[in-house]
Amino acid sequence: MLKVDMIKARAIHMDRIRAARDEKLAALDVPWMKAVEAGDNAAQGLIVRQKQELRDIPQTLDLTEARTATALKAIWPEILA
């Protein structure tokens, strides 16, 4: 039977989540600039909240609840789906 080092697996999975999060953050830069140029405060506020939610993922997502590699893979933030 193969034994998975869950500490390393969690770190690798969080790195994958961070990479996906970074792509989403970068994708919000253009809409942000367009909202600023248009003076659209509502859109700016929405983007600010989205970006903060993305930035908070590493601090708010608990990967320790996963006891197996399969359970770990199933943990993925909805905002990144």
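**Close-up 1. Lys51, a buried lysine in helix 3.** In this predicted model, Lys51 sits within helix 3. Its relative accessibility is 12%, so Lys51 counts as buried, the cut-off being under 20%. Which residues does Lys51 touch, leaving aside its neighbours within four places in sequence? With those neighbours set aside, the contacts of Lys51 are Leu25, Leu28 and Asp29.

**Close-up 2. Helix 2 packed against helix 3.** Here we look at helix 2, residues 29–38, alongside helix 3. The two axes lie 9 Å apart, at an angle of about 155 degrees. Because angles over 145 degrees count as roughly antiparallel, helix 2 is described that way relative to helix 3. Their crossing is left-handed.

**Close-up 3. Helix 1 meets helix 2.** For this pair, the angle is about 25 degrees and the axes are 4 Å apart. Are helix 1 and helix 2 roughly parallel or roughly antiparallel? They are roughly parallel, because the angle falls under 35 degrees. Leu25, Ala26 and Ala27 form the helix 1 side of the contact, while Asp29, Val30 and Pro31 form the helix 2 side. Five of the residues in this contact are nonpolar and one is charged, with no polar residues.

**Close-up 4. The largest nonpolar core.** This core has 15 residues. Those touching the most other members are Ile17, Leu54, Ile57, Leu63, Leu72 and Leu80. Two elements, helix 1 (6–27) and helix 3 (41–60), each give two or more residues to the core. Helix 1 supplies the largest share, with six residues. As background, nonpolar side chains tend to be buried together in soluble globular proteins.

**Close-up 5. Leu80 and its contacts.** Now we move in on one of the core residues that touch the most other members, Leu80. What lies in contact with Leu80, once neighbours within four places in sequence are left aside? The partners are Ile17, Ala20, Arg21, Lys24, Leu54 and Ile57.

Terms used: Residues numbered from 1 in each chain as written. Predicted model: local features only at pLDDT ≥ 70, side-chain atom pairs only at ≥ 80, totals over all residues. Heavy atoms only, no water. Core = buried A, V, L, I, M, F, W, Y, C linked by side-chain atoms within 4.5 Å. Buried < 20%, exposed > 50% of the residue type's maximum accessible area, 1.4 Å probe, protein only. Contact = heavy atoms within 4.5 Å. Axes fitted to C-alpha atoms, helices over the stretch in contact; angles between N-to-C directions. Parallel < 35°, antiparallel > 145°, perpendicular 65-115°, else oblique. Left-handed = near helix turned anticlockwise from the far one by under 90°. Nonpolar A, V, L, I, M, F, W, Y, C, P; charged D, E, K, R; others polar.
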